[in-house]
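Look over the sequence and the model below before reading on. The notes that follow start with a question and then go topic by topic.

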Amino acid sequence: MSDIEQYFVKEEPYYRPLDNEVELFEAAYAARMPVMLKGPTGCGKTRFVEYMAFRLKRPLVTVACNEDMTASDLVGRFLLDATGTRWQDGPLTTAARIGAICYLDEIVEARQDTTVVIHPLTDHRRAIPLDKKGELVSAHPDFQLVISYNPGYQNLLKDLKQSTKQRFGALDFGYPETAIETEVVAHETGVDAKTAGKLVQIAQRARNLKGHGLDEGISTRLLVYAGQLIAKGVEPKAACQMTLVRPLTDDPDMRDTLDAAVATFF
Ligand SMILES: Nc1ncnc2c1ncn2[C@@H]1O[C@H](COP(=O)(O)OP(=O)(O)OP(=O)(O)O)[C@@H](O)[C@H]1O
Ligand SMILES: [Mg+2]
């Protein structure tokens, strides 16, 4: 049996609400409704789920999904050891047993035959069949499933099936509005509000280039990186180049455009 203690979020994560998402999530949790968090990379989805787990005093089991992941990676498998074979629960089964919030990060990365294992957990059955073991695990009453989903990255071949999508309530996340994002960057890094405000304005310019040469705008996460370097004494222009320009693109023209945006503020 796994030790449940290890799954509790020990300290309150800093989370600055963007709208009424905390209340909505609480209501969804009270109904044990599966929830999908939608939004671009680095906008606060993981931080939000950590915060909610802490607030609801539930353990949190997080799984980073990828295309090599099999149903067994989620559900569990038999292992061979010195004494013979031994069943080991996968993270989804563990979460169902202990009554955790199970967060499947970037669920679309998983293959569809993997994704369907969540179906019986997300309807009235609230159970997970361990086919190889011949056991049906009923989810603990406190169990909840949360998945994240970045709508921008999907193509038609790699999207969730409607039969999966329509098992979730969804919350849209986006980059916070100026004042809130400035607050987040200042809080996370220790830079003053003026500096944080400039970083946010640079990001907003870059976000306008999404679809016009950039696949994705500068995330809040990258602004936090920039602030962290500046707080460590790195000259702001160099900090911005390292964290806001170079990770985003290798295209020389686009880099010039972004450098120019940085130069406007620093
Ligand atoms: N509302 C917020 N309150 C507090 N911190 C935030 C908020 N939004 C973003 N952040 C900051 O941005 C960083 C990135 O957020 P997070 O890791 O939650 O992104 P994500 O949406 O899960 O991204 P990904 O899709 O790439 O996993 C956090 O570590 C935190 O510093
Ligand atoms: Mg995340």
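How many nonpolar, polar and charged residues are there in the lining of the largest pocket? That lining has 9 nonpolar, 8 polar and 7 charged residues. In this classification Ala, Val, Leu, Ile, Met, Phe, Trp, Tyr, Cys and Pro are nonpolar, Asp, Glu, Lys and Arg are charged, and the others, Gly among them, are polar.

The model is predicted, so local features need pLDDT of at least 70 and side-chain atom pairs count only at pLDDT 80 or more, while totals for chains, interfaces and linings use all residues. Residues are numbered from 1 along each chain as its sequence is written, chains are lettered from A and ligands numbered from 1 in the order in which they are written, and side-chain values use heavy atoms, with hydrogens and water left out.

**Overall make-up**

- The protein has 11 helices and 9 strands; helices (H or I, at least four residues) and strands (E, at least two) are DSSP runs, numbered from the N terminus.
- Along the principal axes, the C-alpha atoms fill a box of roughly 65 × 40 × 35 Å.
- Of the 266 residues, 47% count as buried; buried means under 20% relative accessible area, exposed over 50%, and partly exposed in between, with a 1.4 Å probe and protein chains only.

**The largest pocket**

- Rolling a probe the size of a water molecule over the atoms shows where empty space is left.
- A pocket is an open set of points on a 1 Å grid over the protein atoms alone, where a 1.4 Å probe fits and protein lies on both sides within 12 Å along at least five of seven lines; lining residues have an atom within 4 Å of a point.
- The largest pocket has a volume of about 490 Å³, where a volume is the space filled by probe spheres set on the points, and grid points are joined across faces, edges and corners.
- Its lining consists of 24 residues, and Gly 42, Cys 43, Gly 44, Lys 45 and Arg 47 lie nearest the centre.
- At least two lining residues come from each of α2 (45-55), β5 (101-105), α7 (178-189) and α9 (220-231).
- With 4 residues, α9 gives the most to this lining.
- The largest pocket lies between domain 1 (5-172) and domain 2 (178-265), because both give residues to its lining; the domain bounds come from an automatic or database domain assignment.

**Ligand 1**

- There are 17 residues around ligand 1, and Arg 16, Thr 41, Gly 42, Thr 46 and Glu 188 come nearest; a residue is near a molecule if one of its heavy atoms lies within 4 Å of it.
- A polar side-chain atom of Thr 41 is 2.5 Å from an oxygen atom of ligand 1; a polar contact is a pair of N or O atoms within 3.5 Å, and within protein one must be able to donate a hydrogen and the other to accept it, while residues adjacent in sequence count only if both atoms are side-chain atoms.
- In the side chain of Thr 46, an N or O atom is 2.8 Å from an oxygen atom of ligand 1.
- For Arg 221, a side-chain N or O atom lies 3.0 Å from an oxygen atom of ligand 1.

**Helix α4**

- Helix α4 (residues 91-98) is largely enclosed by the rest of the structure, because 6 of its 8 residues are buried.
- Those buried residues are Leu 92, Thr 93, Thr 94, Ala 95, Ala 96 and Ile 98.
- Ile 98 has a relative accessibility of 9% and so counts as buried.
- After α4 comes Gly 99, with a positive phi near 75°.

- Arg 32 is not a glycine, yet its phi is positive, about 55°.
- Arg 32 sits in the loop between α1 (21-30) and β1 (35-38), and is partly exposed at a relative accessible area of 23%.
- Lys 57, also not a glycine, has a positive phi of about 55°.
- The loop between α2 and β2 (60-64) holds Lys 57, which counts as exposed at 62% relative accessibility.

**Helices α8 and α11**

- Val 200 is in helix α8 (residues 193-207) and counts as buried, at 0% relative accessibility.
- Thr 264 belongs to helix α11 (residues 252-265).
- A polar atom of the Thr 264 side chain lies 2.8 Å from the backbone oxygen of Ala 260.
- Thr 264 and Lys 198 are 66 residues apart along the chain, and their C-alpha atoms are separated by 9.4 Å.
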